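Hi,

Here is the structure I said I would pass on to you.

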Amino acid sequence: MLIRKPDEISSSEITPKSTYLNRRSFLTGAAVAGSAAVAGIAVHSLGNRLADPAVVAEANAKIDGIQKSPFSTTEKQNSYKDVSNYNNFYEFSTDKYEPANLAKDFKTRPWTVTIDGEVKKKQVLDVDTIMKMAAPEERIYRHRCVEGWSIVVPWVGFSLSELIKRCDPTPKAKYVEFTTLYDPKQMPGQRTSVLKWPYVEGLRMDEAMHPLALLCFGMYGEVLPNQDGAPLRVVLPWKYGFKSAKSIVRIRFASDQPLNTWQQSAPNEYGFYSNVNPNVDHPRWSQGKERRLGEFLKRPTLMFNGYDQVASLYSGMDLKKNF
């Protein structure tokens, strides 16, 4: 058993007190956790707890006609329970176990997405219309979050480029900006000032057009659970997780680089590109290793999260400066 001194444990690896007190089940090592608590040491339980069954999302509607994608990894997938009960979704809560319960009554219909900016076909599209633009694909992607944990998820959607081409951007469009719904009545996290709302993210146009960039509306063969970004999100497997904007209500094409929310909040910690890079540490912790949800041992972090297909997008760039 590995026991570390308190000063050897980063803040990102310490279980929040509220989470510890409200979760009683562990996937492994319940006795270890109990003895550690008696000893007064912090226990990192990422992936080692069984989520409270009361907050497990109900099964969502099945998506028909899903095609398999050649972009999928062959790595072992995380379980639906893992992915639907451990979420970074600050619009609901900064606690990773709370969004599943807080989002259970979140209304995702009716839902429209505004397309505007440097685009010839400005329009407001119903989310169900967007979902029918192209055949749905299942893409099993690895993900790496900036806090040091990773997951493997079978997402369902189609290449973001399919939507972009239908919008017909003007030659001035160099970037794509995504805006999340702002609705503090439904999203309790937005009643706090932890971030500036609404949440905004952005991509360079060539990044958005890359085949790996996914416009996502499902996972595990079903429509997205609310806490995983329903009804529409992007998935960018070579970037840290916060770049994959959730619950999108606006897609704006811009000539200038958007100021994304985390970059605005802490520009020394979160850059515009935020590509997974083991050689560029977060100011408060190393990015050299990661822990897969449900596992105890860490593994080396891969450049671009292992998606070398995107390397040419950044040819000649200083990826330490442009983090």
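**Salt bridges, confidence and a cavity**

Arginine 142 has a relative accessible area of 11%, which is under 20%, so it counts as buried. Glutamate 75, at 25%, is partly exposed.

Before you go further, keep in mind that this is a predicted model. The average pLDDT of the protein chain is 86, and 81% of the residues score at least 70. Residues 1-59 are the stretch to watch: the pLDDT there is below 50, although the stretch has 68 contacts in the model beyond near neighbours in sequence. Where pLDDT is low, the predicted coordinates should not be read in detail.

Back to the salt bridges: the search of the whole structure turned up 18 of them. Another one joins the side chains of lysine 96 and glutamate 147, at 3.6 Å from N to O. Here lysine 96 comes from the loop between H3 and helix H4 (99-102) and glutamate 147 from the loop between S4 and strand S5 (149-159), so parts 51 residues apart in sequence are tied together. Are these two partners, lysine 96 and glutamate 147, buried or exposed? Both lysine 96 and glutamate 147 are buried.

Then there is arginine 204 with aspartate 206, whose side chains meet in a salt bridge at 2.8 Å, N to O. Arginine 204 is buried, with a relative accessible area of 15%, and aspartate 206 is partly exposed, at 33%.

Some salt bridges share partners, and those link Glu75, Arg142, Arg144, Glu290, Arg292, Glu295 and Arg299 into one network.

Finally, the inside. How many cavities of 30 Å³ or more does the structure hold? There is 1, and the largest cavity has a volume of about 40 Å³. The residues lining the largest cavity are Asn275, Asn277, Met303, Leu319, Asn322 and Phe323. Sorted by class, that lining has 3 nonpolar and 3 polar residues, with no charged ones.

Cheers

Definitions and conventions:
Residues numbered from 1 in each chain as written. Predicted model: local features only at pLDDT ≥ 70, side-chain atom pairs only at ≥ 80, totals over all residues. Heavy atoms only, no water. pLDDT = per-residue confidence, 0-100. Contact = heavy atoms within 4.5 Å. 1 Å grid on protein atoms, 1.4 Å probe; cavity = no way out; pocket = protein on both sides within 12 Å on 5 of 7 lines; lining within 4 Å. Points joined across faces, edges and corners; volume = space filled by probe spheres on them. Nonpolar A, V, L, I, M, F, W, Y, C, P; charged D, E, K, R; others polar. Salt bridge = Lys/Arg side-chain N within 4 Å of Asp/Glu carboxyl O. Buried < 20%, exposed > 50% of the residue type's maximum accessible area, 1.4 Å probe, protein only. Helix = DSSP H or I, 4+ residues; strand = E, 2+ residues; numbered from the N terminus.
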